[in-house]
Amino acid sequence: MSLELAPARRGGLRLRHPVMVAAGGAGYGGELLEVVGARTPGAIVTRSVTREARAGNPAPRIAALPHGLLSSVGLPNPGVAAVMQRQTARWSAATTSIVVSICADNVEDIAALARALDMQLDIAGIELNLACPDRGRSGEPIGLDVAAAETATVAARAATDLPLIVKLSAGASDMRAIARAVAAAGADAISAIGALPALALQPGRDGPSLGTTYGGLSGPAIKPIGLRVVYEVAQVVRVPIIGIGGIACLDDVLDYLAAGAAAVGLATAALADPFLPARLGDELAAWCEANGVADTRELTGRALPRRRDRGSLRSGRFRR
């Protein structure tokens, strides 16, 4: 059940099994590991850290919906130096791989974050979150522009020899172009997708539910979009893909693997049930044994078309 996501990098990025906790689903990891004991996920991606401390967004920050979770937390964290000081002991005691998520609005801070983490022996890799607004492009998220995504990946790659995962947003007009750019710029793996911009109203319908008006939608509602992005990206890159979005049961895991993912990440569902990632890993192992599958890599990409040179989905390419 174990797999390697970055065989060419220092130490590699080994997963105990293909079911990870995605960023936002386990804080900085230590708290979850104290709860689950030996029932660990395949790996843990921490919440995103920034170069300097951030207070986060005004309350309310979270709204529970029937089909998912709407959140606008705003990356509250004490800054990368404080995070490392407080979490290193927990990370060193972890029995699963710890990947630290980083986010910044300029290449200088991205490089500084990657350099700060580069010599930390207790972490297995870095995830570059491209959802941050680009300070040089009127605040548009970095992950929506090919050149900006490529530049950010180059900056992180030049600053560290650790395995580098780049997390994509589903909002880009051409997912394949973004994926090609970050893979060529040095990403060892790609994760997709992050939460999608959305709106919920207060019970009295007299205003938005969140203090920032808009938030990021996660949970079951975005699974079909996550599958679509993984399906597209898998057709144009050779690096492993971590499928994220609406995963809560074994069928969801199998769907993402068939669409082209090598591993999957849970965030919203892991918040509700911290034991779920390990349980899904066990269920996947049992399913593979029952169906004569010796290696989960045999499941990756089963649903992909033979012809893989089509462009990304855009309006007009499907019939309503």
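**Close-ups of a predicted model**

**View 1. Thr153 and its neighbours.** Leaving aside residues up to four places away in sequence, Thr153 touches Leu128, Leu164, Val166, Val182, Ala185, Gly186 and Ala187; a contact here means heavy atoms within 4.5 Å. This is a predicted model, where local features need pLDDT of at least 70, side-chain atom pairs count only at pLDDT 80 or more, and totals for chains, interfaces and linings use all residues. Residues are numbered from 1 along each chain as its sequence is written, and side-chain values use heavy atoms, with hydrogens and water left out. Thr153 sits in helix 4 (residues 146-159); helices (H or I, at least four residues) and strands (E, at least two) are DSSP runs, numbered from the N terminus. Is Thr153 buried or exposed? Thr153 is buried, at a relative accessible area of 0% (buried is under 20%, exposed over 50%, partly exposed in between, with a 1.4 Å probe and protein chains only).

**View 2. Glu283 in helix 9.** You'll find Glu283 in helix 9 (residues 276-290). Its relative accessible area is 32%, so Glu283 counts as partly exposed. Glu283 and Leu113 are 170 residues apart in sequence and 36 Å apart in space, going C-alpha to C-alpha.

**View 3. Strands 6 and 12.** Strand 6 (residues 68-71) and strand 12 (residues 214-218) run antiparallel, joined by 3 bridges. Look for Ser71, which stands opposite Gly216 in strand 12.

Technical notes
Pairing = 2+ DSSP bridges.
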